[in-house]
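Please read the following report alongside the sequence and the model. It starts with charged pairs and then turns to the sheet and the nonpolar cores.

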Amino acid sequence: MTIDGKTRTCGLIGNPVEHTLSPVIHNTLAARMGHNLVYVPFPVAEGKVADAVKGAAALNLLGLNVTVPYKSEVIGSLQDIDPLAAHIGAVNTLVRTEGGYKGYNTDMEGLYRALESEGIRIGGEEIILLGAGGAARAVAYLCASKGAERVYLLNRTLEKAQTVASEVNQAVGAEVIVPMALGDYGRLPERRFLAIQGTSVGLFPHVEEAVIEEKEFYQKIHTGFDLIYSPWETRFMRLVRENGGTAYNGLKMLLYQGIIAYELWNNVKVSEEDAMAVYEQMRAYFQ
Ligand code: ATR
């Protein structure tokens with residue numbers, strides 16, 4: 001592309017940012033869609049998030065993504081916040097508005113689109129969700145707000161599962177989330193479930209770990225979706241497959257959170273053809 005006087009800049013703030021795939025997503029989209037836009041990573045030191053957002057506004061950056069560890073901290077620097085992001089308490093996308101930036105959470109809509117693109121339903125379903133940290137809490141909220149019948153929230157620390165369940169149930173006004181200890185999966189109803197893996201267990205380099213090992217658990221799963229995409233096949237995914245289920249990693253969630261951010265920044269709709277072309281570019285990094 002040619003960078004000229006009209007080129008708009010978007011970027012990523014976080015720490016670290018060196019291994020991000022987001023530039024692949026946004027620069028590929030800009031090239032395919034003919035937008036005069038560049039996307040670059042900005043490492044932001046601890047305590048400097050507010051300065052970074054202020055500087056971005058002063059430089060008229062079109063938009064920013066926000067990654068670990070600033071997704072909650074950045075909320076204090078926003079002009080406005082989308083209600084979904086406010087409920088979740090985490091923002092991963094900033095969109096330039098007149099007075100500053102408006103914050104969104106496209107991670108969760110990204111997960112929803114990734115599930116949809118694989119033909120996986122949430123509405124009316126009974127779902128197992130592993131974990132009760134920041135990521136899993138957001139997934140619990142997503143499932144409840146998209147009409148899941150029930151979400152069995154299994155976590156190592158039962159108290160954390162209980163806290164998340166009561167917060168999310170209160171927010172949606174229904175008893176959708178059922179907190180359980182990890183070891184209590186034997187009490188789940190006799191049937192097979194969609195299971196979403198939302199803990200950090202199995203993330204590279206700890207590729208030989210899964211939050212639950214027993215095959216009796218995996219026999220209860222028809223579809224497993226791991227939010228992790230590095231390694232390409234997590235141990236959780238392998239155990240799902242070994243017990244007859246279908247398994248997906250989190251790369252499409254990463255893809256669609258980026259696509260939704262790109263749509264917000266540029267006020268466009270990205271076609272599935274463009275989305276799949278970006279996905280192929282991203283996949284190349286795992287071969
Ligand atoms: P994230 O932002 O990625 O969600 P987090 O908030 O630190 O990260 O949450 C990590 C999740 O992984 C939690 O659900 C945690 O369980 P606890 O609430 O009991 O701490 C889970 N987790 C991390 N290491 C684990 C392990 N070795 N065994 C089981 N669960 C683990």
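Glu 208 and Arg 238 form a salt bridge through their side chains, at 3.4 Å from N to O. A salt bridge here is a side-chain nitrogen of Lys or Arg within 4 Å of a carboxyl oxygen of Asp or Glu. This pair connects distant parts of the chain, 30 residues apart: Glu 208 is in the loop between β10 and α7, and Arg 238 is in helix α8 (residues 235-242). Helices (H or I, at least four residues) and strands (E, at least two) are DSSP runs, numbered from the N terminus. Through shared partners, salt bridges join Glu 208, Glu 213, Arg 235, Arg 238 and Glu 242 into one network.

The model is predicted: local features need pLDDT of at least 70, side-chain atom pairs count only at pLDDT 80 or more, and totals for chains, interfaces and linings use all residues. Residues are numbered from 1 along each chain as its sequence is written, and side-chain values use heavy atoms, with hydrogens and water left out.

**Salt bridges**

The count of salt bridges comes to 19. Three of them are tabulated here with the accessibility of each partner. Buried means under 20% relative accessible area, exposed means over 50%, and partly exposed is in between (1.4 Å probe, protein chains only).

| Pair | N to O distance | Relative accessibility |
|---|---|---|
| Glu 208 and Arg 238 | 3.4 Å | Glu 208 52%, exposed; Arg 238 25%, partly exposed |
| Arg 137 and Glu 167 | 2.7 Å | Arg 137 21%, partly exposed; Glu 167 35%, partly exposed |
| Arg 121 and Glu 125 | 3.4 Å | Arg 121 55%, exposed; Glu 125 19%, buried |

For the salt bridge between Arg 137 and Glu 167, the two side chains come from helix α5 (residues 134-145) and helix α6 (residues 158-172) respectively, so the pair ties together parts that are 30 residues apart in sequence.

The loop between β10 (193-197) and α7 (215-218) also contains Leu 203. Leu 203 is partly exposed, at 40% relative accessibility. Its C-alpha atom is separated by 6.2 Å from that of Ser 230, 27 residues apart along the chain. Apart from neighbours within four places in sequence, Leu 203 is in contact (heavy atoms within 4.5 Å) with Ile 228, Ser 230 and Pro 231.

**The six-stranded sheet**

Six strands form an open sheet with mixed pairing, in the order β2-β1-β3-β5-β6-β4. At the edges are β2 (37-43) and β4 (80-81), each of which pairs on one side only. Two strands pair if DSSP finds at least two bridges between them.

Strand β1 is largely enclosed by the rest of the structure, because five of its seven residues are buried. β1 pairs with β2 in the parallel sense over seven bridges, and Cys 10 stands opposite Tyr 39 in β2. The chain goes from β1 through α1 to β2 in a right-handed β-α-β crossover; right-handed means that, with the strands pointing away from the viewer, the path from the first strand over the helix to the second runs clockwise. β1 also pairs with β3 in the parallel sense, over four bridges, and Gly 11 has Leu 64 of β3 as its bridge partner.

The pairing of β3 (residues 63-66) with β5 (residues 93-96) is antiparallel, over three bridges. Here Asn 65 is the bridge partner of Thr 93 in β5.

Helix α9 (residues 251-266) lies across β1 (8-14), β2, β3, β5 and β6 (101-104), and runs at about 10° to β5. Axes are lines fitted to C-alpha atoms, for helices over the stretch in contact, and angles run from 0 to 180 degrees between N-to-C directions.

Not counting residues up to four places away in sequence, His 26 touches Tyr 39, Asn 65, Gly 258, Ala 261, Tyr 262 and Trp 265.

**Nonpolar cores**

A nonpolar core is a set of buried Ala, Val, Leu, Ile, Met, Phe, Trp, Tyr and Cys residues joined through side-chain atoms within 4.5 Å. The largest has 61 residues, of which Leu 111, Ile 177, Ile 196 and Phe 225 touch the most other members. Helix α9 gives the most to this core, with nine residues. A second, separate core has 20 residues, including Leu 182, Tyr 185, Ile 212 and Tyr 218.
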